[in-house]
Amino acid sequence: MTKIGLEIHCQLTKLESKLFCSCKANYREQEINSNVCPVCMGLPGTLPRINQKAIEKATIIAMALNCSTPEKIAFFRKNYFYPDLPKNFQITQLNIYGDTSVGGTGSIMVGDKKIRITRVQLEEDPGRLIYEGSSSKNQITLVDYNRAGTPLVEIVTEPDFENPKQVREFLNILSDLLENLNVSDPSLEGAMRADANVSIEGGNKVEIKNIGSFHDLEKAVHFEITRQESLHSREIPIIQETRHWDDKRKITISSRSKEEELDYRYFLEGDIPWIKIDSDTREKLRSEMPESISSKKNRYISEYGIPGQVADVLSSDKFYSDLFDKSHSQTNAKEVANIITTDLMGLVDTREKREQSKLTPEHLKDLADYIQEGKLSRSSAKNALYEIVKSGKKLSQTITELDLGNLSNEDELLKIIKQVISEEPKAVEQTKSNPQTINFLVGKVMQKTKGKADPSLTLNLLKKEVE
Ligand SMILES: [Zn+2]
């Protein structure tokens with residue numbers, strides 16, 4: 001049987017500062033090597049000071065993954081010499097004196113499959129190495145320490161996955177969960193990285209390191225299973241080793257370095273005392289946790305009668321569920337959900353578009369109300385939405401400017417209906433034998449009015465005219 005285990009590194013991108021100093025946690029878009037201080041550069045004589053919020057956010061992640069949360073946590077030094085690590089050790093967590101990481105064993109359901117979580121730990125991210133140069137001969141390595149010391153949560157799973165599809169489903173659930181907890185933004189470059197271990201029936205375990213995104217993780221696992229199966233079918237032994245994911249060629253390659261044999265000489269970080277998280281604090285954190293995705297979904301279905309599939313899409317994306325929760329009322333909830341899932345999702349499908357969008361909950365509420373009151377057809381509402389996302393203008397103003405209001409003046413509408421009847425004698429004749437044909441005529445009226453005719457009024461008037 002194929003066995004896959006994961007180690008997910010997730011940056012706590014919603015924090016203000018680094019894990020042990022007051023440099024910014026948001027190291028992106030800053031001039032290289034400007035977001036540093038003596039603490040995160042590991043200069044002699046400096047002392048780390050723990051970011052309390054990071055412990056809280058990491059604990060919330062552990063709770064959401066149904067992990068046990070210990071009374072006391074500790075930090076350890078993991079010693080290794082590498083240019084991305086200014087101190088020559090990384091401050092991380094380890095369970096050698098019992099469970100002293102922020103999260104102990106837990107589990108999460110992926111469909112019908114239970115995935116066990118081994119532990120959740122809090123640690124600092126190293127700096128970023130940048131490789132430049134066209135060939136191996138003239139390649140140079142640059143280092144940017146802006147990222148060094150930013151808070152990172154590592155989530156380790158048991159080898160419970162049996163195929164890449166389960167891995168992908170887990171990653172989808174996990175990134176929605178992290179986003180919903182407001183701890184991390186998985187869409188940021190480098191916010192999610194992973195290692196994986198993969199073994200097939202009768203073979204040794206192979207570790208894959210250096211996978212830079214969730215998207216590549218599934219690919220890397222898939223590649224590695226195929227590689228191992230191919231060796232196995234040719235009766236070539238699969239050796240236990242560490243392989244690196246080459247994200248340009250999309251393959252795993254054997255690491256020539258002996259990294260896996262390194263002795264990290266872990267020892268307790270004496271500059272950070274053991275930190276007590278008593279039951280009152282844990283209860284407080286639990287009570288302040290955002291509503292879970294499954295609870296949102298159930299609420300949308302039971303309180304507003306929103307169909308399961310729509311509720312699923314709406315609840316799993318924090319951007320949309322926040323928008324929905326702020327704009328709906330008891331009476332227009334279904335309409336708001338409908339606008340979001342059928343029209344809005346196509347308009348703001350990237351991070352950039354979301355940031356640029358000028359749509360407010362008030363706009364959405366107005367759109368839904370106008371549709372329900374018959375003031376605006378759905379197709380006109382779609383046009384208005386398109387404009388509002390760009391301009392941010394009020395709905396009433398947008399309707400006037402684009403001349404989108406419903407045509408509900410009976411005399412005016414009747415004129416157009418009579419015109420359609422004279423143009424479509426065949427269809428009018430057919431309505432006698434096939435009443436469904438009337439919909440074709442409604443469609444013609446809609447065409448002539450550019451979607452502005454009130455559909456139910458049009459139908460009623462048409463019925464009277466063709467009888
Ligand atoms: Zn710093």
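In β14, L268 is the bridge partner of F76. Strand β3 (residues 76-79) and β14 run antiparallel and are joined by two bridges; two strands pair if DSSP finds at least two bridges between them. Strands (E, at least two residues) and helices (H or I, at least four) are DSSP runs numbered from the N terminus. The model is a predicted one, in which local features need pLDDT of at least 70 and side-chain atom pairs count only at pLDDT 80 or more, while totals for chains, interfaces and linings use all residues. Residue numbers start from 1 along each chain as its sequence is written.

The order β4-β3-β14 makes an open sheet of three strands with antiparallel pairing. β4 (89-92) and β14 (267-268) are at the edges with a single partner strand each, so one side of each has no neighbour in the sheet.

The domain assignment, automatic or from a database, divides the chain as follows.

| Domain | Residues |
|---|---|
| domain 1 | 3-284 |
| domain 2 | 291-402 |
| domain 3 | 410-466 |

Taken over C-alpha atoms, the centres of domain 1 and domain 2 are 36 Å apart. Five residues from domain 1 and four residues from domain 2 form the contact, where contact requires C-beta atoms, placed from the backbone, within 7 Å. On the domain 1 side, the residues are one nonpolar, two polar and two charged. Here Ala, Val, Leu, Ile, Met, Phe, Trp, Tyr, Cys and Pro count as nonpolar, Asp, Glu, Lys and Arg as charged, and the others, Gly among them, as polar.

The largest nonpolar core has 59 residues, of which I61, V120, V153, A196 and L217 touch the most other members. Such a core is a set of buried Ala, Val, Leu, Ile, Met, Phe, Trp, Tyr and Cys residues joined through C-beta atoms within 7 Å. Buried means 20 or more other C-beta atoms within 10 Å of the residue's own, exposed 12 or fewer, and partly exposed in between. Elements supplying at least two residues each include β1 (3-11), α1 (52-64), β6 (113-124) and α3 (214-233). α1 gives the most, seven residues. Beyond neighbours within four places in sequence, V153 is in contact with C10, L12, A58, I61, V120 and L122. Another core, of 25 residues, lies apart and includes A311, L364, L367 and A381.

Helix α2 has 17 residues and spans 24 Å from first to last C-alpha, close to the 24 Å expected, which is 1.5 Å times one less than the number of residues. Its buried residues include P164, V167, F170 and L171. Just after α2, N182 has a positive phi of about 60°.

Methods: Two residues are in contact if their C-beta atoms, placed from the backbone, lie within 7 Å.
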